[in-house]
Amino acid sequence: MDELSAEHLEELTRALRSVREELKSSLADTTRGATVELDQAAVGRLSRVDAMQQQAMAQAERRLQAQKLDAVAAALERVADEEYGWCCQCGELIALRRLRARPESAFCVACQTALERG
């Protein structure tokens, strides 16, 4: 498999920057309403449980977004180091289809699958 063309690299770099800005914006928006405060006397027990569950789900989503933001930052560092597009595990070129779907990918499909299986 050949290296990424300059056009593909530019396309993927733009995609990474776009994802980075979307994630930063989303994290800033969700951080503003991070804490749920309820008037214990005015709200029923089920409403409190529901609000706490929604808060926990929002916190989990923020953690996932922060992890993805870290992966995007690492991918942009690999672009700067001219190492982007190469699997960090086996050193083979990551398929263009995969990079278009997940531009922050650090591993080829085979290595990612192996890592997920443990």
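**Charges and helices in a predicted model**

Reader: Arg-14 and Glu-10 both belong to helix H1 (residues 6-32), where they stand 4 residues apart, about one turn of the helix. How far apart are the closest N and O atoms of the salt bridge that Arg-14 forms with Glu-10?

Author: The model is predicted, and its distances are computed from the atoms. A salt bridge requires a side-chain nitrogen of Lys or Arg within 4 Å of a carboxyl oxygen of Asp or Glu. Arg-14 and Glu-10 form such a bridge, and their closest N and O atoms are separated by 3.7 Å.

Reader: Is Arg-14 buried, partly exposed or exposed?

Author: A residue is buried under 20% relative accessible area and exposed over 50%, with partly exposed in between. The relative accessibility of Arg-14 is 49%, so Arg-14 counts as partly exposed.

Reader: Which residue meets Glu-11 in a salt bridge?

Author: The side chain of Glu-11, a partly exposed residue at 26% relative accessibility, takes part in a salt bridge of 2.8 Å, N to O. Its partner is Arg-100. This pair links distant parts of the chain, 89 residues apart, with Glu-11 in helix H1 and the other residue in helix H3.

Reader: How many salt bridges does the count give?

Author: The pairs discussed above include Arg-14 with Glu-10 and Glu-11 with Arg-100. By the 4 Å rule, the count of salt bridges comes to 4.

Reader: Which side chain of opposite charge is nearest to Arg-78?

Author: Arg-78 is placed in helix H2, and it is buried yet has no salt bridge. Residues up to four places away in sequence aside, Arg-78 touches Glu-83, Tyr-84, Cys-88, Glu-104, Ser-105 and Ala-106. The nearest side chain of opposite charge lies 6.6 Å away, and it is that of Glu-83.

Reader: Which residues gather in a patch of negative charge on the surface?

Author: One of them, Asp-81, is found in the loop between helix H2 (45-80) and helix H3 (96-101). Glu-82 is placed in that loop between H2 and H3 as well. The patch of negative charge consists of Glu-77, Asp-81, Glu-82 and Glu-83.

Reader: What is the relative accessible area of Glu-82?

Author: Glu-82 has a positive phi of about 60°, although it is not a glycine. Exposed means over 50% relative accessible area. Glu-82 is exposed because its relative accessible area is 74%.

Reader: In what order do the elements of the protein run from the N terminus on?

Author: The protein has 4 helices and 0 strands. From the N terminus on, the order of its elements is α-α-α-α.

Reader: What percentage of the contacts between residues at least 6 apart in sequence join residues at least 24 apart?

Author: The protein has 118 residues, of which 26% are buried. Its accessible surface comes to about 8300 Å², with 50% belonging to carbon and sulfur atoms. Among contacts between residues at least 6 apart in sequence, the share that joins residues at least 24 apart is 58%.

Definitions and conventions:
Residues numbered from 1 in each chain as written. Predicted model: local features only at pLDDT ≥ 70, side-chain atom pairs only at ≥ 80, totals over all residues. Heavy atoms only, no water. Patch = residues over 30% accessible without salt bridge, like charges linked within 9 Å, V, L, I, M, F, W, Y side chains within 5 Å. Areas by Shrake-Rupley, 256 points an atom, 1.4 Å probe, with all protein chains shown as cover. Lys, Arg positive; Asp, Glu negative; His and termini not counted. Charge placed at Lys NZ, Arg CZ, Asp CG, Glu CD. Helix = DSSP H or I, 4+ residues; strand = E, 2+ residues; numbered from the N terminus. Buried < 20%, exposed > 50% of the residue type's maximum accessible area, 1.4 Å probe, protein only. Contact = heavy atoms within 4.5 Å.
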